[in-house]
Amino acid sequence: MPEHKPTDKRMSRRTLLAAILILFIIPGTILFGVFFLNDRKYYFISLLIIMYTMLPFVMVFENRKPQARELIIIAVLAAIAVAGRAAFFMLPQFKPVVAVVIIAGVCFGGEAGFLVGAVAGFVSNFFFGQGPWTPWQMFCFGIIGFVAGILYKKGILKKTRLSLCIFGGLATFIIYGGIINIGSLLMFTSQFSWKALFATYISGFWFDIVHAIATAFFLYIISQTMIEKLDRIKIKYGLIEDVN
Amino acid sequence: MKDAFSTFHPIVNFAYFTGVILFGMFFLHPILLGIAMISAFTYSVMLNGKRTIRINLFYMIPMMLLMSLLNPAFNHEGKTILFYLKNGNPITLESILYGIAAACMFVTVILWFSCYNAVMTSDKFIYLFGRIIPSLSLILSMVLRFVPRYAAQIKVISKAQKCIGRDVSQGNILRRAKNGIHIVSIMTTWALENAIETADSMRSRGYGLPNRTSFSLFCFDNRDKAVLTVIMGLVTIVLAGSAAGENTMRFFPSIKAAKVSFSAIIVYCAYLILCILPAFINIMEGVKWRHIESKI
């Protein structure tokens with residue numbers, strides 16, 4: 001199947017707004033919590049983040065009348081991610097969720113990737129248990145999908161196996177591992193210190209490595225068939241991109 | 001026993017859990033912490049039965065111990081120094097106590113979340129948020145439905161593949177893995193095509209038209225009104241107490257809790273009633289039922 005180059009490399013205003021929100025305001029809030037609220041209100045910060053994660057969603061879908069088809073494709077991808085997480089429950093960290101999220105981001109754009117990630121994080125915790133870690137997972141999964149979508153649109157990320165695997169491994173290790181470790185530190189200890197953060201990174205290192213390898217592995221196996229299927233569906237039924 | 005609190009209007013349930021979870025996150029005062037932890041534990045046992053006790057024994061207690069140990073290892077504030085670690089960092093009484101308090105808080109919040117999961121079922125959540133964020137709640141409900149459905153469909157596909165010798169139970173290990181991937185691939189195609197069909201069906205049934213009702217209908221009756229008023233009243237008292245500083249607690253550099261005064265006791269009582277409310281409603285309902293039964 002010939003690769004479809006993204007024709008329009010400019011980002012829409014909505015994507016830009018979502019990017020500002022995700023890349024600056026959420027980390028800003030986390031830092032605000034750490035430095036100004038003496039980091040004692042980390043639950044409050046987590047709740048704020050969960051609200052922000054909803055906002056891009058609201059911007060994408062609630063403003064214009066969403067088509068049932070778009071909604072359902074996102075639901076399908078999120079369900080596949082959740083089912084994948086459930087299927088590999090016995091192997092800690094060895095999960096295909098990030099791989100599915102990246103594919104969603106590449107095929108349907110940054111916001112869709114973000115939504116698939118955030119929804120998969122939220123819903124899978126209905127099966128694995130909700131808790132204060134939910135917003136962190138939602139955010140970590142979501143942002144990887146978002147970044148994947150943007151990088152693809154910019155032409156940096158290609159739909160080839162190699163490109164996806166490298167991006168997937170790095171994104172899982174740096175973005176997911178980098179953020180989730182801060183989250184677990186804030187959940188388990190009360191006071192933020194750089195030493196403790198460093199210790200968390202050290203202790204989480206192997207988990208992150210396993211997770212990154214899992215993502216690259218799943219991307220290697222499923223990416224080409226999945227992308228082919230998604231592109232086919234997109235062309236056959238004229239989905240998301242044509243609606244804009 | 002069926003949980004009586006779950007039969008209330010979703011807005012009552014949601015308001016209640018928002019209140020207790022937020023309070024549970026913020027109050028570190030030992031008395032309030034104890035009240036919240038015991039009530040959350042009681043209610044979650046009522047809701048989830050033996051499972052809660054098991055989870056608590058195997059996960060919560062080790063987690064609490066870990067958290068209580070972790071905090072003093074990294075946090076060296078406080079003036080009562082107990083001893084020094086090998087690397088010269090002091091272990092202080094305050095940081096140990098703070099670790100224990102934070103651990104209790106964490107466990108309480110998780111217990112409340114487990115109650116929340118049992119009471120606020122997805123249809124209630126969607127009933128509440130369907131109007132504010134319709135697409136998001138639609139997606140949530142669809143994903144929740146899709147997961148078990150895909151599991152069932154995988155079984156169907158796997159059986160069909162078995163007939164042509166391509167199941168995960170056939171062939172050598174490489175062959176099996178390949179078959180497994182093939183089954184997942186078939187599943188994905190089916191899921192996508194099926195999804196489009198569902199979407200078209202939704203459209204033809206009038207998805208997105210105004211004034212459509214929810215799957216589950218809830219009436220906001222007098223009982224809900226009464227309980228919501230009680231919850232709001234108690235929340236106001238606790239908030240007022242918190243504003244007046246009745247439940248502040250300072251750990252560093254030295255431990256200092258707010259004095260137990262008359263008004264503080266009122267706040268404690270209000271918090272106790274608030275936290276124990278669902279359990280109390282359950283017991284009252286049980287008593288009422290007994291009473292009616294004995295009359296027959």
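**Exercise 1. What should helix α6 of chain B span at 1.5 Å a residue, and how far apart are its end C-alpha atoms?**

Solution. This is a predicted model.
- Step 1: helix α6 of chain B covers residues 134–163, which is 30 residues.
- Step 2: the expected span is 1.5 Å times one less than the number of residues, so helix α6 of chain B should span 44 Å.
- Step 3: its end C-alpha atoms are 43 Å apart, which agrees.

**Exercise 2. Find where α6(B) kinks, and look just after the helix.**

Solution. 
- Step 1: go to Phe146(B), where α6(B) has a kink of about 25°.
- Step 2: pass the end of the helix. Just after α6(B), Gly165(B) has a positive phi of about 70°.

**Exercise 3. Describe how α4(A) and α6(A) cross, and list the residues that meet.**

Solution. 
- Step 1: recall what to report. Two packed helices are described by the angle and the distance between their axes.
- Step 2: the axes of α4(A) (residues 97–108) and α6(A) (residues 134–154) come within 7 Å. They cross at roughly 35°.
- Step 3: the crossing is right-handed.
- Step 4: α4(A) brings Val97(A), Val98(A), Val101(A), Ile102(A), Gly105(A) and Val106(A). They meet Phe141(A), Ile144(A), Gly145(A), Ala148(A), Gly149(A) and Tyr152(A) in α6(A).

**Exercise 4. How far apart do the C-alpha centres of domain 1 and domain 2 of chain B lie?**

Solution. 
- Step 1: take the domain assignment. Domain 1 of chain B is 4–125 + 221–294, and domain 2 is 133–205.
- Step 2: their C-alpha centres lie 42 Å apart.

Key
Residues numbered from 1 in each chain as written. Chains lettered and ligands numbered in written order. Predicted model: local features only at pLDDT ≥ 70, side-chain atom pairs only at ≥ 80, totals over all residues. Heavy atoms only, no water. Domains from an automatic or database assignment. Helix = DSSP H or I, 4+ residues; strand = E, 2+ residues; numbered from the N terminus. Bend = angle between axes of the 7 residues up to and from the residue. Axes fitted to C-alpha atoms, helices over the stretch in contact; angles between N-to-C directions. Left-handed = near helix turned anticlockwise from the far one by under 90°. Contact = heavy atoms within 4.5 Å.
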